[in-house]
Amino acid sequence: MKDVFWTGYCNDDRHIAIGKIEKIVSRYGYITDFKQFSDISLSIKIELEELNIDALYDSLGEYISLNDFEKMNSSSKRERVIFLNTTFVKGTGDLRIETPAVPG
């Protein structure tokens, strides 16, 4: 069976969004890998049982805008992989983190 690929767009700040997305995903499966591409986008690999895919899509869709997805309506417990690519609308392309000056 093929992996599932979703594309999403988020209006929240990247730091807030990552926490919320992680919380939603943890209700249905596990994040097994992620990659950040500056502060513009994030790629997440999610593993979950097939029967949870539709519920995860609905829950994520309440928070971020997702591409269309044809519901699976499955009751299978086999493990599936979802790749979620999220673009942060407020991203600037700069992932630098400001570090305060240390006295000394």
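Predicted model: local features only at pLDDT ≥ 70, side-chain atom pairs only at ≥ 80, totals over all residues.

**A buried charge and its surroundings**

Author: A salt bridge here takes a side-chain nitrogen of Lys or Arg within 4 Å of a carboxyl oxygen of Asp or Glu. Residues are numbered from 1 along each chain as its sequence is written, and side-chain values use heavy atoms, with hydrogens and water left out.

Reader: OK, where does D54 lie?

Author: In helix α2, residues 53-61. Helices are DSSP runs of H or I with at least four residues, strands are runs of E with at least two, and both are numbered from the N terminus.

Reader: And what lies 2.9 Å from a polar atom of its side chain?

Author: The backbone nitrogen of M72. D54 also touches F69, K71, M72, N73 and S74, leaving aside residues up to four places away in sequence; contact means heavy atoms within 4.5 Å.

Reader: Which side chain does K71 meet in a salt bridge, then?

Author: D58, at 2.4 Å from N to O. That pair links distant parts of the chain, with K71 in the loop between β4 and β5 and D58 in helix α2, 13 residues apart. K71 is partly exposed at 35% relative accessible area, and D58 is partly exposed too, at 37%.

Reader: Switching topic: how many salt bridges does the structure hold?

Author: It holds 5. One of them joins E50 and R78, with the closest N and O atoms 3.2 Å apart. E50 sits in the loop between β3 (41-49) and α2, and R78 in the loop between β4 (65-66) and β5 (79-88), 28 residues apart.

Reader: Which residues are linked in a network?

Author: E50, R78 and R80, through salt bridges. For R80 and E50 the closest N and O atoms are 2.5 Å apart, and R80 lies in strand β5, 30 residues from E50.

Reader: Is R80 buried or exposed?

Author: Buried, at 6% relative accessibility. E50 is buried as well, at 5%, whereas R78 is partly exposed at 41%.

Conventions
Polar contact = N/O pair within 3.5 Å; in protein donor to acceptor, adjacent residues only side chain to side chain. Buried < 20%, exposed > 50% of the residue type's maximum accessible area, 1.4 Å probe, protein only.
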